[in-house]
Amino acid sequence: MMDIIVREFDERDAEAVSRLIQNNLMFVNSRDYETSVIDYMCGLFTPAYLRDMMATRAMFVAEENGKVVGTVGLEGDEVCALYVDPEVHGRRVGERLLRQIEDFALSRHVHLVHLSASLTAVGFYEKMGYSSKEKEESELFGPAYIMTKLL
């Protein structure tokens, strides 16, 4: 039985979360995205960038036996940067993180959340009750779907 806890992101998590996101981009999202997009995003999610994000974003991590295996953030009414270690895919870590951030949003009186779903993650978000509004194309981030959910 897995023993996963979800807790607030701490600046000491920055290196582990940066590695986690970069691994995800390279091994999972790379199936759906051009190398230029993956390279740009890997360069963006540095430990310093993650520490800077703490000022404007509520961030959480999932941890298993002391190892960070997932992360998610909320900025205003936008769910951001939900990533799960490919080694624990299929073990409901993403669901746990998403529920945590939705509960956090509700505690801040946010009742409608939106996110930009990668092509890779659209099916997961649909399963979690999100609906797709429109497709967006970004030079830097590649194609994505704007999805929303009423909490």
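In the largest pocket, β4 provides the largest share of the lining, 7 residues. This is a predicted model, in which local features need pLDDT of at least 70 and side-chain atom pairs count only at pLDDT 80 or more, while totals for chains, interfaces and linings use all residues. Residues are numbered from 1 along each chain as its sequence is written, and side-chain values use heavy atoms, with hydrogens and water left out. Helices (H or I, at least four residues) and strands (E, at least two) are DSSP runs, numbered from the N terminus.

**Pocket and cavity**

- The largest pocket holds about 1,000 Å³ of space; a pocket is an open set of points on a 1 Å grid over the protein atoms alone, with protein on both sides within 12 Å along at least five of seven lines, and lining residues have an atom within 4 Å of a point.
- Two or more lining residues of this pocket come from each of α1 (14-27), α2 (35-44), β4, α4, β5 (112-118) and α5 (122-127).
- Of the 43 residues that line the largest pocket, Leu82, Tyr83, Ser116, Ser118 and Tyr125 lie nearest its centre.
- The structure has 1 cavity of 30 Å³ or more, where a cavity is a set of grid points at which a 1.4 Å probe fits but cannot get out.
- The largest cavity contains about 50 Å³ of space, a volume being the space filled by probe spheres set on points joined across faces, edges and corners.
- β3 gives the most to the lining of the largest cavity, with 3 residues.

**Salt bridges**

- The whole structure contains 12 salt bridges, each a side-chain nitrogen of Lys or Arg within 4 Å of a carboxyl oxygen of Asp or Glu.
- Arg92, Glu95, Arg99 and Lys127 are joined in a salt-bridge network.
- Within it, the closest N and O atoms of Arg92 and Glu95 are 3.1 Å apart.
- Lys127 also bridges to Glu95, with closest N and O atoms 3.5 Å apart; Lys127 in helix α5 and Glu95 in helix α4 are 32 residues apart.
- Glu95 is buried at 10% relative accessible area, whereas Lys127 is exposed at 59% (buried is under 20%, exposed over 50%, partly exposed in between; 1.4 Å probe, protein chains only).

**Helix α4**

- Helix α4 (residues 93-107) has 15 residues and spans 21 Å from first to last C-alpha, close to the 21 Å expected at 1.5 Å times one less than the number of residues.
- Just after α4, His109 has a positive phi of about 65 degrees.
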